[in-house]
Amino acid sequence: FTMSEQQLLQKLTGLQGNPAAEQAQTAFTRLEAQGIICRSEGGWRIRSPLLAQYVDAATPASPGGLWLDEQADLIFQGDMPVENLAPLESALLRYLLGHPYTRHTHTELIEATWPEDTLREGVSTEALYQVVRGLRRKVEPAPSRPRYVVNWRGTPEGGYRCFPEGNPL
């Protein structure tokens, strides 16, 4: 769940504290049996369109959360625009915000972020690391302990996941 979804589900189920607690798991299992939520690769997801719409309306973006205002074509962190992003940092963050919570491989991110003419020449994973490093310096409260753009180790290659509200773990 996103942090907003976790908070809402805690309120709906009358829970206080950690959503991973045994009582929360029981509530989540009941909600799953009713078809309201489901397990996915990234954890729990809301299936009910009505509940998802309620979550969007009832839970404001967390302060500091990353989001893309498509009409203004700006990236925000909380209510402040994120400025001074290099073109590749902006392209990477836009892609990640457009596909949050999903595990993206290094190759997928390079193909989605770099211009096609550059891809023909070849882009190293090290180049992606440098873009992520620069991006983290600009959006993470503590770049060495990322909350928004998080590494994952995969087989045969790893990659990154984006948590717009911050990693709930």
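Some ground rules. The model is predicted, so local features need pLDDT of at least 70 and side-chain atom pairs count only at pLDDT 80 or more, while totals for chains, interfaces and linings use all residues. Residues are numbered from 1 along each chain as its sequence is written, and side-chain values use heavy atoms, with hydrogens and water left out.

Let's start with the overall picture. The chain has seven helices and eight strands. Those are DSSP runs, numbered from the N terminus: helices are H or I with at least four residues, strands are E with at least two. Of the 169 residues in the chain, 39% are buried. Buried means under 20% relative accessible area, exposed means over 50%, and partly exposed is in between, with a 1.4 Å probe and protein chains only. The chain exposes about 10,000 Å². Carbon and sulfur atoms supply 50% of that area. Areas come from the Shrake-Rupley method with a 1.4 Å probe, and for residues only the protein chains shown count as cover.

Now contacts, meaning heavy atoms within 4.5 Å. Take the contacts with a separation of 6 or more: residues 24 or more positions apart account for 44% of them.

Next, the cores. A nonpolar core is a set of buried Ala, Val, Leu, Ile, Met, Phe, Trp, Tyr and Cys residues joined through side-chain atoms within 4.5 Å. The largest one has 21 residues. Which members touch the most others? They are Leu66, Leu92, Leu93, Leu109, Leu128, Leu135 and Val149. Helices H4, H5 and H7 and strand S8 (159–162) are the elements that give two or more residues to this core. There is also a second, separate core of five residues. Phe28, Leu31, Ile37 and Ile46 are among them.

Stay with Leu93 for a moment. Leaving out residues up to four places away in sequence, Leu93 touches Leu66, Ile75, Leu85, Leu135 and Val139.

On to helix H4, residues 87–98. Its buried residues are Glu89, Ser90, Leu92, Leu93, Tyr95, Leu96 and Leu97. The expected span is 1.5 Å times one less than the number of residues. For the 12 residues of H4 that gives 16 Å, and the end C-alpha atoms are 16 Å apart, which agrees.

Helix H5 covers residues 106–113. Here His106, Leu109, Ile110 and Thr113 are buried. Seen down the axis of H5, those buried residues fall within an arc of 100°, so they line one face of the helix. The arc is taken from the directions from the helix axis to the C-beta atoms.

Now the salt bridges. The rule is a side-chain nitrogen of Lys or Arg within 4 Å of a carboxyl oxygen of Asp or Glu. How many salt bridges does this rule give? The count is two.

Asp73 lies in the loop between S3 and S4 and Arg94 in helix H4, so the pair ties together parts that are 21 residues apart in sequence. Asp73 is partly exposed at 47% relative accessible area. Arg94 is partly exposed too, at 26%.

The other pairs Lys138 with Glu89, at 2.6 Å from N to O. This one links distant parts of the chain: Lys138 is in helix H7 (residues 125–139), Glu89 is in helix H4, and they are 49 residues apart. Lys138 is partly exposed at 37%. Is Glu89 buried or exposed? Glu89 is buried, with a relative accessible area of 8%.

A quick word on backbone angles. Asp73 has a positive phi, near 55°, and is not a glycine. Asn84 also has a positive phi, near 65°. Asn84 lies in the loop between strand S5 (80–81) and H4, and counts as exposed at 67%.

His104 is in strand S6 (residues 104–105) and is buried at 1%. Setting aside residues up to four places away in sequence, its contacts include Tyr95, Leu96, Leu109, Trp152 and Tyr160. Tyr148 sits in the loop between H7 and strand S7 (149–152). Tyr148 is buried at 1% relative accessibility.
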